[in-house]
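I opened my notebook to look up a few things in a structure, one at a time.

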Amino acid sequence: MPDSMHSQIESSLEVEYRHTARIRTNMFNTEQENEDLRSELNGQWMQSLIARTAPDDGFNRILTIFDEGDYIHLQTLEGHYLQQGGVYVTEGFAQAVGLQVGDRLQLRVSMDTDVYDFEVRGILASSTPQGTYVHASTWQDAGGNFQPQEMLVGDSDRVDSLRSDPRIEQVILAEEQRQSIEDMLEGLETIFNLIVFFAVLLVVVVLYNLGALSFTERTRDYATLRVLGFHRREIRALAMRENIVTTLLGWLVGIPLGFWFLGQYVGTFSSFRIVYYPDLSMSSFIIASCIVIGCSLATTFLLSRRIRKIDMVEAIKGVE
């Protein structure tokens, strides 16, 4: 789960959006002042509105209208970037209302009585916000009014000076957003560590009990082999080979099942505003594999030492 949350941060702030800061302009700016700002900062205008959709799932959705620029790099499930003509919807929203590429979607924004109808051009694999995206020219062609007050900028050298600019009302650094989310994850660190502790404890207990049960059921077999002339180390090697093969088979089967379970688990944290996608870092995969394989091999080694204590007469005696 921490891997999935950290992956969502990296995806949002480094892949989907590649800006240094998001600025909110003064609402009393003239059009010329806003145009001057864009020319000076080489930014990308965007406007966020609250909209109801048809079809809908009972929730208000965020409508993001974006202009030309180089700071929004959202991609569809097929790997295409945002373009003009049609509306784009996020995957979580599309699944909630049953939308597919080519369907029609109607938008009604707050403080506007008009209904805007678009064709769904693509579905975005984006975590947040869960809603719709449309190019400014497409929005205006449909009769909408594009009046942005937010701009994405990438000039980190000028960020400090922007705070004192009277044309700018607010400056939100991407790094500040990242730190805020990281602080939230640190608050959940204790819970995640507790879950990991009990997961490892469960691995140890289950593997040892299964190994002990398997050894008990094979005691008569081992005793028979011993009577037939097998050495203890040969029987021990046989037992270890059996358990190693079983462990490797379980490990291979557990990889896809574990990733499927991760997808179901992160889904419980998703909402109509944000959707988490399962992600597993290579380090977590290696650590988990080492814990399971190590516990299994340790259990096999400990139980195989009990072979020398088998009472061959009692073990092969018939059940009375």
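**Entry 1: ground rules.** I first wrote down what the exposure words mean: buried is under 20% relative accessible area, exposed is over 50%, and partly exposed lies in between (1.4 Å probe, protein chains only). The model is predicted, so I noted that local features need pLDDT of at least 70 and side-chain atom pairs count only at pLDDT 80 or more, while totals for chains, interfaces and linings use all residues. Residues are numbered from 1 along each chain as its sequence is written, and side-chain values use heavy atoms, with hydrogens and water left out.

**Entry 2: salt bridges.** I counted a salt bridge when a side-chain nitrogen of Lys or Arg is within 4 Å of a carboxyl oxygen of Asp or Glu. How many salt bridges does a search of the whole structure find? I got 12.

I started with R52 and D56, whose closest N and O atoms are 2.7 Å apart. R52 is partly exposed because its relative accessibility is 35%. D56 is also at 35%, so I put D56 down as partly exposed.

Next I looked at R167 and D165, which form a salt bridge at 2.9 Å, N to O. Are these side chains buried or exposed? R167 is buried, with 15% relative accessible area, and D165 is buried too, with 13%.

Then I checked R178 and E175, a salt bridge with the closest N and O atoms 3.8 Å apart. They are 3 residues apart in helix 6 (residues 174-217), so about one helical turn separates them. Helices here are DSSP runs (H or I, at least four residues), strands are runs of E of at least two, and both are numbered from the N terminus. R178 is buried because its relative accessibility is 15%. I also found R178 and E175 in a network of salt bridges with E10 and E14.

Entry 3: I looked up V153 in strand 8 (residues 150-153). Its relative accessibility is 1%, so V153 counts as buried. For contacts I used heavy atoms within 4.5 Å. Leaving out residues up to four places away in sequence, V153 touches H19, T20, A21, I23, L41, G43 and Y71. I also compared V153 with A298: they are 145 residues apart in sequence and 56 Å apart in space, C-alpha to C-alpha.

My other pick was N34, in helix 2 (residues 31-41). N34 is buried because its relative accessible area is 14%. Which residues does N34 contact, leaving aside neighbours within four places in sequence? I listed T25, N29 and W45.

**Entry 4: surface patches.** A patch takes residues with over 30% relative accessible area and no salt bridge, joining like charges within 9 Å and nonpolar side chains (Val, Leu, Ile, Met, Phe, Trp, Tyr) within 5 Å. The areas come from the Shrake-Rupley method with a 1.4 Å probe, and for residues only the protein chains shown count as cover.

I found a nonpolar patch of about 560 Å², made by L194, F197, F198, L201, V204 and V205. L201 sits in helix 6, and L201 is partly exposed because its relative accessibility is 41%.

I also noted a positive patch formed by R232, R305, R306, R308 and K309. For charge, Lys and Arg count as positive and Asp and Glu as negative, with His and the chain ends not counted. Each charge is placed at NZ of Lys, CZ of Arg, CG of Asp or CD of Glu. R308 lies in the loop between helix 9 (282-304) and helix 10 (312-316). At 48% relative accessibility, R308 is partly exposed.
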